[in-house]
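Trainee: Could we go through this structure together? I would like to begin with the sheet.

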Amino acid sequence: MNDVWDLAVVGGGPAGAAAALRARQLRPDARVLLLDRADFPRDKACGDGIAAHCRDELALLGIPDLIADHRPARRLAVVSPGGARVSATSARPNHVVPRRVFDARLVDAARARGVEVRRHHVRSLAVLDDRIVLDGTVTARAVVAADGANSTMRRLIGVSPAPDRHTAIAVRGYADVPADDDVQSIFMQQDGWPAYAWSFPIGDGTANIGFGMLLPRLRATGLPGREVLHGRLAELLPQLSPHDLRAHHLPLSPGRPRPGSGRVMLAGDAAGLINPLTGEGIYYALVSGRLAGEAAVRAAADPLPAYRRELRKALGRHLRTTDVLALAAQSPGFIDAAIDTAARRKEVFDLLVDVGLGAGTVPLPLALAVVRRWIASGVRRR
Ligand SMILES: Cc1cc2nc3c(=O)[nH]c(=O)nc-3n(C[C@H](O)[C@H](O)[C@H](O)COP(=O)(O)OP(=O)(O)OC[C@H]3O[C@@H](n4cnc5c(N)ncnc54)[C@H](O)[C@@H]3O)c2cc1C
């Protein structure tokens with residue numbers, strides 16, 4: 001019996017680390033194993049933007065100061081596809097922390113809490129009556145599959161990935177910027193919309209910069225992906241010369257699959273939880289990981305229904321909101337109207353930040369204000 005783990009977590013990114021941390025936080029005697037095919041620290045293609053909302057999650061996990069030594073960034077500037085602009089101070093500061101640092105700290109925190117961390121690339125899974133066996137060697141009562149966008153675990157349990165129309169692809173690199181640059185900037189592009197570039201200064205004289213677009217729009221160009229992504233990045237941020245360019249898929253939440261099967265719970269990118277409006281996924285990885293870890297120890301006999309229920313409570317309304325907004329955002333004019341409204345009304349700016357980076361929803365009167373501006377601008381253009 002000693003060889004049976006209460007929880008095995010596959011993947012040590014934010015989702016997996018959160019699951020492991022939460023399980024031990026709620027049940028300090030739980031036997032929790034965290035497997036990752038990489039040793040930490042490891043790089044991950046990402047914008048490194050850690051939204052203020054993530055810090056709420058870190059606090060819930062009992063590690064509120066994990067990134068307290070990194071410079072907070074309050075200013076956010078957005079240029080819409082049609083050229084509307086907003087530049088404002090966020091209600092709460094965001095951070096930019098290279099994933100090489102952020103993820104390693106999360107895994108270290110899990111280790112310090114008694115989680116056993118092993119380097120192991122999971123390739124197979126067997127389902128027994130009351131347990132799961134990974135690669136014929138690791139037996140666990142519950143498994144959190146947090147192995148990222150191209151999740152092997154998701155495939156092994158027979159859950160389909162996000163369809164291409166709900167998948168984005170983005171490239172990121174690092175470039176020199178003035179050390180006092182502390183504005184997080186987003187430059188949207190009409191051509192191939194939805195598409196945008198970003199510059200997220202880290203605070204050490206470098207910035208994480210990148211460009212992302214929907215996969216079908218990239219394919220429609222008929223050009224090699226690398227040429228399109230690198231070319232658009234250079235076009236939108238011509239003054240910067242990035243190095244360490246690296247691209248990855250982003251499974252967007254409108255294409256999210258069911259969040260698991262039997263005793264296997266999918267979390268983070270493996271559960272397709274990336275915000276379709278912004279490409280942010282770390283917050284949703286932390287929330288879903290925490291809830292999966294919680295279900296593994298609180299509802300050990302049958303964790304998936306408990307996980308599903310709590311996930312729905314935490315993110316259900318938000319996900320339905322972004323499903324609808326992602327449809328409306330297919331029209332660049334809608335985003336122009338939203339950014340234009342945000343530039344005039346600070347409460348709309350704050351709300352867009354909450355919807356784009358956290359679990360925010362849109363109250364009907366505000367949605368109507370944006371729609372009215374959208375219609376009015378369409379009428380003016382005619
Ligand atoms: C270019 C780009 C920019 C982005 N920018 C941002 C941003 O600025 N802010 C933001 O919030 N989100 C951003 N995202 C999204 C964010 O990166 C993801 O949502 C987030 O990393 C999801 O975390 P995760 O823990 O689910 O998966 P991951 O961070 O991908 O971690 C998965 C882990 O699983 C391991 N693994 C994979 N397969 C196996 C296996 N078979 N066995 C064992 N281990 C395995 C991997 O080694 C990895 O450590 C961006 C994404 C991209 C591609």
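Mentor: A definition comes first: two strands pair if DSSP finds at least two bridges between them. Please also keep in mind that this is a predicted model.

Trainee: Understood. What is the strand order in the open sheet of eight strands?

Mentor: The order is E3-E5-E4-E11-E12-E13-E10-E14, and the pairing is mixed. E3 and E14 are the edge strands, each of which pairs on one side only.

Trainee: How many bridges join E11 to E12?

Mentor: Four bridges link strand E11 (residues 183–188) with strand E12 (residues 195–201), and the two run antiparallel. In this pair, Met 188 stands opposite Tyr 196 of E12.

Trainee: Which phi does Asp 135 take, then?

Mentor: Asp 135 has a positive phi of about 50°, although it is not a glycine. Asp 135 sits in the loop between strand E8 (132–134) and strand E9 (138–145). It counts as partly exposed because it has 13 C-beta neighbours inside 10 Å.

Trainee: What about Asp 244: buried or exposed?

Mentor: Asp 244 is exposed, because 11 other C-beta atoms lie within 10 Å, and the cut-off for exposed is 12 or fewer. Asp 244 belongs to strand E14 and has a positive phi of about 55° without being a glycine.

Trainee: Changing topic, how many residues surround the ligand?

Mentor: The ligand is surrounded by 38 residues, and the closest are Gly 11, Gly 13, Gly 47, Gly 268 and Gly 281. The elements giving two or more residues to this shell are helix H1 (14–26), strand E2 (32–36), strand E10 (167–176), strand E14 (243–251) and helix H7 (282–298).

Trainee: Which domains supply at least three residues each?

Mentor: Domain 1 (4–68 + 98–163 + 253–315) and domain 2 (165–250) each do so. The chain is also assigned a domain 3 (323–381). The C-alpha centres of domain 2 and domain 3 lie 23 Å apart.

Trainee: What does the UniProt record cover over residues 7–185?

Mentor: The unreviewed UniProt entry annotates those residues as "domain: FAD-binding". Over that range the chain is 23% helix and 35% strand, and the end C-alpha atoms are 40 Å apart.

Trainee: One last topic: which residues of helix H2 are buried?

Mentor: In helix H2 (residues 52–60), the buried residues are Ala 52, His 53, Cys 54, Arg 55, Glu 57 and Leu 58.

Trainee: And what covers the buried residues of H2?

Mentor: The cover includes H1, strand E3 (49–50), strand E5 (85–96), H7 and helix H10 (346–357). Just after H2, Gly 62 takes a positive phi of about 85°.

Key. Residues numbered from 1 in each chain as written. Predicted model: local features only at pLDDT ≥ 70, side-chain atom pairs only at ≥ 80, totals over all residues. Near = placed C-beta within 6 Å. Domains from an automatic or database assignment. UniProt positions renumbered as here; feature names shortened; annotations may be inferred. Buried ≥ 20, exposed ≤ 12 C-beta atoms within 10 Å, placed from the backbone. Contact = placed C-beta atoms within 7 Å.
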